[in-house]
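These notebook entries record what I looked up in a predicted model.

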Amino acid sequence: MRGLARRCSDHDRHPAGNAGRSHARPAPTRIRRPLARALAAAGLCLLLLLQTFAGLGTALAQSTTKGPSGFPVPRFVSLKSERVNVRIGPTLEHRIGWTYVRAGLPVEIVQEFENWRRIRDWQGEEGWVFHSLLSGRRTALVTPWEQSGTTPLRAEPRSDARLVAELGPNVLANVGSCREGWCRISGEKFAGWIDQTRLFGVYPDETVE
């Protein structure tokens with residue numbers, strides 16, 4: 001079972017995730033870029049100006065159920081590449097705020113602008129990614145908002161079912177299906193059903209086929 005480092009700054013940091021009965025293997029997932037926060041406000045102002053001229057104001061984008069792509073907004077997707085640059089605005093001219101360095105991480109698309117997608121990660125930070133770097137494959141992180149503890153993985157979608165494993169925070173899993181508050185997930189050496197509210201990568205009441 002593979003764990004997940006919460007963040008990499010200018011120097012990689014590796015707080016290990018707990019994958020239950022066996023030790024999780026931490027992996028760097030993100031590299032921060034200097035001055036990104038300082039430039040975020042300026043980038044946002046430019047973005048709003050561009051959207052005004054294009055007829056895609058922020059308020060309108062947030063009030064619709066479908067983006068320009070025809071898909072729902074918001075929605076969960078995953079990172080397609082091992083290295084994904086996140087920019088502070090929806091053009092290649094905008095500065096890179098940080099870089100994800102692990103494929104498969106779940107992110108939430110909260111806005112679309114032409115071929116760019118504004119994403120939100122498990123820590124609530126947002127930035128812009130080119131659409132081709134994202135995949136419709138559904139993945140999830142187990143309780144990335146917690147520092148310790150475990151979540152039971154069951155053989156069937158009910159709380160009294162046989163215990164298969166105990167997954168620690170930041171374990172990355174593939175999402176097979178979700179229904180009635182339970183999700184079927186799988187990963188390195190584990191598979192089973194987990195409480196849907198314990199995942200980042202699916203909505204609490206979402207049905208996944």
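Which residues form a disulfide, and how far apart are their sulfur atoms? I found that C178 and C183 form it, with the sulfur atoms 2.0 Å apart. My search of the whole structure gave one disulfide. I noted a torsion of about 110° about the S-S bond of C178 and C183, so the disulfide is right-handed. Both C178 and C183 are buried.

I next turned to the aromatic rings and counted five aromatic pairs. Y100 and W122 form a tilted pair, 6.2 Å centre to centre with 45° between the planes. This pair links distant parts of the chain, since Y100 is in strand β6 and W122 in the loop between β8 and β9, 22 residues apart. Y100 counts as buried because its relative accessibility is 0%. W122 is also buried, with a relative accessible area of 9%.

I then recorded W116 and F130, an edge-to-face pair at 5.3 Å centre to centre and 80° between the planes. W116 lies in strand β8 and F130 in strand β9, so the pair ties together parts 14 residues apart in sequence. W116 is buried at 9% relative accessibility, whereas F130 is partly exposed at 31%. I also noted one aromatic cluster formed by F76, F200 and Y203.

Last, I looked up the second largest pocket, which has a volume of about 190 Å³. Its lining includes F76, I109, R117 and H131. Strand β4 gives the largest share of that lining, three residues. By class, I recorded six nonpolar, three polar and three charged residues in the lining.

Definitions and conventions
Residues are numbered from 1 along each chain as its sequence is written. This is a predicted model: local features need pLDDT of at least 70, side-chain atom pairs count only at pLDDT 80 or more; totals for chains, interfaces and linings use all residues. Side-chain values use heavy atoms; hydrogens and water are left out. On a 1 Å grid over the protein atoms alone, a cavity is a set of points where a 1.4 Å probe fits but cannot get out, and a pocket is an open set with protein on both sides within 12 Å along at least five of seven lines; lining residues have an atom within 4 Å of a point. Grid points are joined across faces, edges and corners, and a volume is the space filled by probe spheres set on the points. Helices (H or I, at least four residues) and strands (E, at least two) are DSSP runs, numbered from the N terminus. Ala, Val, Leu, Ile, Met, Phe, Trp, Tyr, Cys and Pro count as nonpolar, Asp, Glu, Lys and Arg as charged, and the others, Gly among them, as polar. A disulfide is a pair of cysteine sulfur atoms within 2.5 Å. Buried means under 20% relative accessible area, exposed over 50%, partly exposed in between (1.4 Å probe, protein chains only). Rings of Phe, Tyr and Trp (its six-membered ring) pair if their centres lie within 6.5 Å; planes under 30 degrees apart count as stacked, over 60 as edge-to-face and the rest as tilted.
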